[in-house]
Amino acid sequence: MTPHSLAFYLDAVTTGTVLGLRPDDHPGRVAEVLGTECGENGGLDTLWRDYGLIEFHWHRARPTDPWAGHHVSLQVHRLAHRDRTLTGGALRARYGRFAPRLRFDKLHHLLERRGAALVPAAGAPPNAPYFRTYEHPASGATVTVVATYGEHSTPPGLRPGDVYAIQLPAGAGTAGPQARTGTGSGLRGQASGRTTPAAARA
């Protein structure tokens with residue numbers, strides 16, 4: 001893992017933002033930074049844009065309401081496919097090359113050195129025992145990690161201790177309860193919702 005790509009993950013977890021974008025930024029603002037080349041799905045009350053490594057999710061109560069940011073998912077497991085286009089030009093310009101896997105112990109150690117250690121998330125995850133979830137108390141970011149191998153439950157390109165995904169809730173870094181969902185579908189060009197990691201979604 002290069003120092004630059006590690007800096008991206010550290011920035012995302014500690015600030016709850018990516019390239020200065022907050023999870024509650026509107027779709028137009030996201031397009032200004034990441035462009036319009038993305039997969040897009042949704043309906044009257046949900047909108048999901050898939051930029052490869054990064055997914056933005058919005059929702060609204062009524063079709064006449066403006067979109068409200070819900071969360072951002074960093075689908076780290078996709079990098080194991082070694083597809084350079086997953087990171088996009090804006091990310092590569094800022095952070096350089098991304099390694100195909102992110103080790104949780106390295107991320108956790110660097111966060112500890114910053115005085116911002118991750119802690120186990122409350123409650124057993126629905127995908128246990130194959131995955132574990134950790135939380136950054138200040139930002140509300142969650143990190144899902146492969147805990148043990150499962151032939152049909154974990155992606156073949158990852159091994160125990162690899163980060164599967166990172167999620168940044170809207171309102172990250174502020175006080176108060178945060179809305180949280182699953183880590184996203186992990187599939188490009190299909191609707192994303194509250195799902196659990198699975199090998200088929202690698």
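Residues are numbered from 1 along each chain as its sequence is written, and side-chain values use heavy atoms, without hydrogens or water. Because the model is predicted, local features need pLDDT of at least 70 and side-chain atom pairs count only at pLDDT 80 or more, while totals for chains, interfaces and linings use all residues.

Across the whole structure, the search returns seven aromatic pairs, where rings of Phe, Tyr and Trp (its six-membered ring) pair if their centres lie within 6.5 Å, with planes under 30 degrees apart counted as stacked, over 60 as edge-to-face and the rest as tilted. Tyrosine 9 and phenylalanine 98 form an edge-to-face pair, since their ring centres are 6.0 Å apart and their planes meet at 85°. This pair ties together parts 89 residues apart in sequence, because tyrosine 9 belongs to helix 1 (residues 3-15) and phenylalanine 98 to the loop between helix 3 (88-95) and helix 4 (104-113); helices (H or I, at least four residues) and strands (E, at least two) are DSSP runs, numbered from the N terminus. Both tyrosine 9 and phenylalanine 98 are buried, where buried means under 20% relative accessible area, exposed over 50% and partly exposed in between (1.4 Å probe, protein chains only). Ring pairs also join Phe8, Tyr9, Tyr95 and Phe98 into a cluster.

Phenylalanine 104 and tyrosine 134 make a stacked pair, as their centres lie 4.4 Å apart and their planes are at 25°. Here helix 4 supplies phenylalanine 104 and strand 6 (residues 131-135) supplies tyrosine 134, a link over 30 residues. Phenylalanine 104 and tyrosine 134 are both buried.

Leaving aside residues up to four places away in sequence, isoleucine 166 touches Tyr9, Val13, Val72, Ser73, Leu74, Val76, Leu102, Thr142 and Val143 (contact means heavy atoms within 4.5 Å).

Pro27, Val30 and Leu34 are buried in helix 2. They lie on the same side of helix 2, because their arc around the axis is only 60°, the arc being that of the directions from the helix axis to the C-beta atoms. In helix 4, the buried residues are Phe104, Leu107, His108 and Leu111. An arc of only 95° puts them on the same side of helix 4, whereas Asp105 and Arg113 are exposed on the other side.

A few backbone details complete the picture. Alanine 128 and proline 129 are joined by a cis peptide bond, with omega about 5°. Leucine 19, in the loop between helix 1 and helix 2, counts as buried at 17% relative accessibility. Arginine 82, in the loop between strand 4 and helix 3, is exposed, with a relative accessible area of 63%.
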